[in-house]
Amino acid sequence: MAEISLKNVVKRYGKVEVVHGINLDIEHNEFVVLVGPSGCGKSTTLRMIAGLEDISDGTVSIGPEVVNDLPPRKRNISMVFQNYALYPHMSVRENLGFGLKIAKHPDDIVAERVNEAAEILGLGELMERAPAELSGGQRQRVAMGRAIVRHPEAFLFDEPLSNLDAKLRVQMRTEIKKLHQKVKTTVVYVTHDQVEAMTLADRIVVMKDGYIEQVGTPMEVFNHPVNTFVASFIGSPPMNLLNATIKGDQVVFSDGTALPVPTRLADLVRDGQEVVFGLRPDDLTPVGHGIAESGKNAKLTLKIALSELLGTETILYTSISGQEAQGKMFGPRNVEPGEVLEFEVAIEKVHLFDAVTGKSVRKQ
Amino acid sequence: MDGSLRKKIGSVATWGLTFILMVVICVPGLWVVLTAFRPNGEVLAKPPVWIPEDPNLNNFAKIFGFGADQVAIPVPAYFTNSLIIALTSTAIALLIGMSGGYAFARYRFSFKNGLFLGLMLSRTVPGIALSLPIFMIWSRIGLIDTKLGLIIVYVALNVPFTIWLIDGFFRQIPKEMSEAAQVDGCTRWQAFWKIEFPLAKSGIASAGIFAFLTSWNEYALASNLTRSTDSKTLPVGLMDFTAQFTIDWAGMSAMAVIIIIPALILTFLVQKHLIAGLTFGGVKG
Ligand SMILES: Nc1ncnc2c1ncn2[C@@H]1O[C@H](COP(=O)(O)OP(=O)(O)O)[C@@H](O)[C@H]1O
Ligand SMILES: [Mg+2]
């Protein structure tokens, strides 16, 4: 149990800089998820915390101590790898006990801690098996068991669920969440899957190209994305982002379609400003099939190109002023391609971004 | 029906071909072993006598000096030389092979690919082509007719191969294994010995067997660089059976059997690893 703090952390491979001076403070027992597209530097950052990569610049502290020059074994962390990295020549029991034996704990303590971990993760039957005799989900569990037996200061996870099939992934996601509630330790978790990030995190760190774009709770990041990247990355299906221009108190698209500027943003935009109009599909719904409060909504008549049935809702593919957009139909009925529907736009849910900087228009 | 018939013919053909191949591989060896137990006269008989008419151990007795008509050949000395030279050069080649293979598999460094290619290309030069230069250098620095001289040559001969083979094995072990061990509390050194070494063991054993057999059986260079019982190895000793006008084929065969036996024993001892090594791949976590 310790806080982890990154100060201006830089990683260079030769001359190529891949992490550009990031700052992050992680609190005691906090579950922090680093999320971002592949190649954005999440693993590199995590590995610098673990001590598996040198830190080119800046400092990493675990607890009160700067750990830049400490090898992994002295950082008192444990890590779960994407490919689990179980020791193939050892049984599950030996895998779990390996770290404790290396630390020269007496046999009875090793046995006790291994059994404790086995119980938490339900590994009872599997203890004498070799990793090769386990299913993907079981290997995953052993990897987590190996992480918890040492009672480390922090757990580091690098895409631990990406080798599992969809159903198991959801199940293990829940188990990881439960595990965190049980063992109460600082967790840094890396994933490229924003759903995983949303469901697991106390705080989400959205990364792109070696920079941190936004840090916040899942709700903050979802409801108040600071720029178009975060807006499009968090949420599924992604937020519609459409080019438009401010004219007076209206957002006007190139074909003349106009919608009112949300009242909360009215004072923050200037006439003639080029903006990106952001609208989540949930807030673009056919009349009678929405969840937004009616009254404050604007209306648009749109032609459906395609519909995608999901059961409780249907995704409607359409276009606004020639730019592709998606809406949602709750309590759906059959919709034929080419059908024209009247949509409600939840205006107060609209996000505006500056077209030049991509930054969200908001009170500073 | 048609398909199953075709399958049967196919499998018969496969077995037939395998049989012919095995005959081609095995008959010379079998001939040597049989000849070791027959008198020299029978070797040259026409038509050939396959099974010795009166199998006996006379040839072996003669080699060890128990007969009247043959001077004893210093087999124990040759044997000791062979053993010392083959074992030492194998151990050194394995040590270098492990360090080199690990470095090539795990680290990035400049000229890595060039170096690796260079090592492999060095194998394209036939050893015998180097025998004259080696002979000249060795005679200048006094390594002719020493065990050390041969050991150095055999290490050089084996190292490219051991590096190549062991590199392949380390490459197949995900580097996360060693990283997990380091996070689990190991030093890099401990992580190597407790995790990576046991997983690459079969590869290292395979490399060791090949290196040993190369050194054990090598003749061309050894015959140039050795003179006396100080350093002559068993294959060179085989030449002791040729006199000016006669060759004692039977005695030579008996000696060949003596050479083959330790190699066979060693191969059997390590064969479990050898097979695991040659069919590596089931290790992934
Ligand atoms: N050993 C390395 N040498 C050079 N570049 C690397 C190395 N490891 C990673 N990179 C680069 O660093 C960037 C970040 O990689 P990584 O942290 O693995 O991304 P992520 O985990 O977010 O997918 C990538 O562009 C990758 O190509
Ligand atoms: Mg990664």
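In the predicted model, helix α4 of chain A (residues 136-148) has 13 residues and reaches 19 Å from its first C-alpha to its last, close to the 18 Å expected at 1.5 Å a residue, the expected span being 1.5 Å times one less than the number of residues. Helices (H or I, at least four residues) and strands (E, at least two) are DSSP runs, numbered from the N terminus. Eleven of the 13 residues of α4(A) are buried, that is, under 20% relative accessible area with a 1.4 Å probe and protein chains only; among them are A:Arg139, A:Val142, A:Met144 and A:Ile148. These buried residues pack against β6, α2, α3, β7 and α5 of chain A together with α8 (175-183) of chain B, where contact means heavy atoms within 4.5 Å.

UniProt, in an unreviewed entry, lists residues 4-234 of chain A as "domain: ABC transporter", an annotation that may be inferred rather than shown by experiment. Over this range the chain is 37% helix and 26% strand, with the end C-alpha atoms 25 Å apart.

Elsewhere in chain A, five strands form an open antiparallel sheet in the order β15-β19-β16-β17-β18, two strands being paired if DSSP finds at least two bridges between them. Because β15 (284-286) and β18 (323-330) of chain A each have a single partner strand, one side of each is left without a neighbour in the sheet. Within the sheet, β16 (298-309) and β19 (340-345) of chain A pair in the antiparallel sense over six bridges, and A:Leu300 has A:Phe343 in β19(A) as its bridge partner.

Residues are numbered from 1 along each chain as its sequence is written, and chains are lettered from A in the order in which they are written. Local features need pLDDT of at least 70, and side-chain values use heavy atoms, with hydrogens and water left out.

Note on methods: This is a predicted model: local features need pLDDT of at least 70, side-chain atom pairs count only at pLDDT 80 or more; totals for chains, interfaces and linings use all residues. Buried means under 20% relative accessible area, exposed over 50%, partly exposed in between (1.4 Å probe, protein chains only).
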